Amino acid sequence: MSGSDKSMKALREVWRRAENSLCADCGKPDPDWASSTLGVFICLSCSGIHRNIPSISKVKSLKMDHWDDAQVQFLAKHGNAVTKAIYEAHIPIYYYQPTYNDCQVLREQWIRAKYERKEFTELGKQLPYTDGVKEGILWKRGRDSGQFQPRKFLLSEREGCLKYFTKQDAKEPKINVKIDVINATFQPEKIGNPNGLQITYLKDNKTRNIFVYHKSGKEVVDWFNAIRSVQFHYLKVAFPIASDNEIKSRLTRNFLKEGFMEKTGPKDAFAKGEVFVGSRENGYSVQKGLPSGTQGNFSWPYGITIVTPDREYLFTCETEADQLDWITAFTSVINQDMTPQEYASNCLDDVSFSSCCSVTEYCPNALPFFFSTVEAYFKFKS
């Protein structure tokens with residue numbers, strides 16, 4: 001057997017180790033690239049990010065590139081488990097660790113935080129999102145103009161809130177939002193910027209959104225993790241008997257499903273707001289199609305009926321695929337258990353819809369709910 005064949009055999013043996021079966025950075029199965037300088041096995045997408053930091057990581061294909069003996073031995077000595085033990089030794093529990101389903105800016109800043117900035121190698125290291133206070137400029141989209149303008153934002157753990165100011169020298173904030181009703185999720189396509197962040201909050205039982213971005217990917221991800229940090233410490237005080245992992249599961253969440261459905265305008269004068277989607281055992285369900293004899297000027301043919309203890313909500317989708325996707329999303333919410341505290345907190349008994357509103361999953365209220373994991377924008381027919 002030639003030296004090259006021996007190297008390839010040894011490489012395959014290291015590659016087949018269970019620890020190396022997932023991408024070291026995003027968890028995607030069957031990585032087929034590796035860093036010859038860090039000793040980690042990574043997927044094609046993450047290899048592209050590594051390639052942008054050549055002073056730290058040099059990547060090669062496990063299938064197409066030649067690996068010499070020294071490089072193979074380095075991989076064998078390290079691998080994902082050893083390298084993670086070094087570069088992920090002290091990750092704050094609230095820090096969001098992205099997966100392969102997350103957007104580019106989250107994955108890139110996670111990789112740079114680990115290997116380039118070495119944020120997690122030392123215990124107690126001072127980081128931009130660990131102070132309990134963060135102040136700075138984010139570009140915010142105007143509600144009426146749709147134009148992005150620089151606005152000063154202030155996040156305070158002591159006050160338990162997020163504020164923003166229309167002018168940098170303003171004494172009073174335009175908005176003051178309590179941290180326990182905030183959700184933040186990256187929405188680059190919706191916002192039209194690769195660093196776009198959607199901050200959602202409740203005000204008077206209605207969902208409100210703030211759309212922001214920053215030119216620096218690091219800065220906007222630092223804001224995201226600062227929000228999670230303040231939320232985490234707020235909940236630790238509010239719910240001292242809850243475990244860290246329980247609290248972590250109540251931090252910011254990605255949308256489960258987002259898109260457009262059609263709804264006829266209600267004839268009854270219900271207040272505008274969100275639909276509370278509870279559990280099946282409490283009388284909530286989703287059905288394919290509309291009830292027999294339904295009257296309405298729907299232009300989309302694929303119906304969905306949301307059944308609540310008080311009334312039914314009727315929607316239509318443009319395609320059958322959209323219909324099935326929405327039914328799957330609602331079913332996953334309805335199949336979750338709902339605590340008595342959560343059920344009691346449902347003050348949205350009968351609600352109609354604004355032209356842009358949310359269907360929201362409320363998480364169990366043994367800890368405060370964080371939302372929105374299901375969001376729909378309803379196209380009205382008069």
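Ring pairs join Tyr95, Trp110, Phe120 and Tyr129 into a cluster; rings of Phe, Tyr and Trp (its six-membered ring) are taken to pair if their centres lie within 6.5 Å, and planes under 30 degrees apart count as stacked, over 60 as edge-to-face and the rest as tilted. The model is predicted, so local features need pLDDT of at least 70 and side-chain atom pairs count only at pLDDT 80 or more, whereas totals for chains, interfaces and linings use all residues. Residues are numbered from 1 along each chain as its sequence is written, and side-chain values use heavy atoms, with hydrogens and water left out.

Across the whole structure, 13 aromatic pairs are found. One of the pairs, formed by Tyr94 and Phe232, is tilted, with 6.2 Å centre to centre and 45° between the planes. Because Tyr94 lies in the loop between H4 and H5 and Phe232 in helix H7 (residues 217–238), this pair ties together parts that are 138 residues apart in sequence. Helices (H or I, at least four residues) and strands (E, at least two) are DSSP runs, numbered from the N terminus. Tyr94 is buried at 7% relative accessibility, and Phe232 is buried at 6%; buried denotes under 20% relative accessible area, exposed over 50% and partly exposed in between (1.4 Å probe, protein chains only).

The ring centres of Phe186 and Phe224 are 5.2 Å apart and the planes stand at 65°, so this pair is edge-to-face. It links distant parts of the chain, with Phe186 in strand S8 (residues 182–186) and Phe224 in helix H7, 38 residues apart. Phe186 is buried, with a relative accessible area of 8%, and Phe224 is buried at 2%.

The largest nonpolar core has 56 residues, of which Ile42, Phe153, Leu155, Ile182, Phe186, Leu197 and Ile199 touch the most other members. Such a core is a set of buried Ala, Val, Leu, Ile, Met, Phe, Trp, Tyr and Cys residues joined through side-chain atoms within 4.5 Å. H7 gives the most to this core, with nine residues. Leaving aside neighbours within four places in sequence, Leu197 is in contact (heavy atoms within 4.5 Å) with residues including Phe186, Val220 and Phe224.

In helix H4 (residues 79–87), Gly79, Asn80, Thr83 and Tyr87 are buried. Seen down the axis of H4, these residues fall within an arc of 115° (from the directions between the helix axis and the C-beta atoms), so they line one face of the helix. They pack against strand S2 (41–42), helix H3 (69–77) and helix H5 (104–116).
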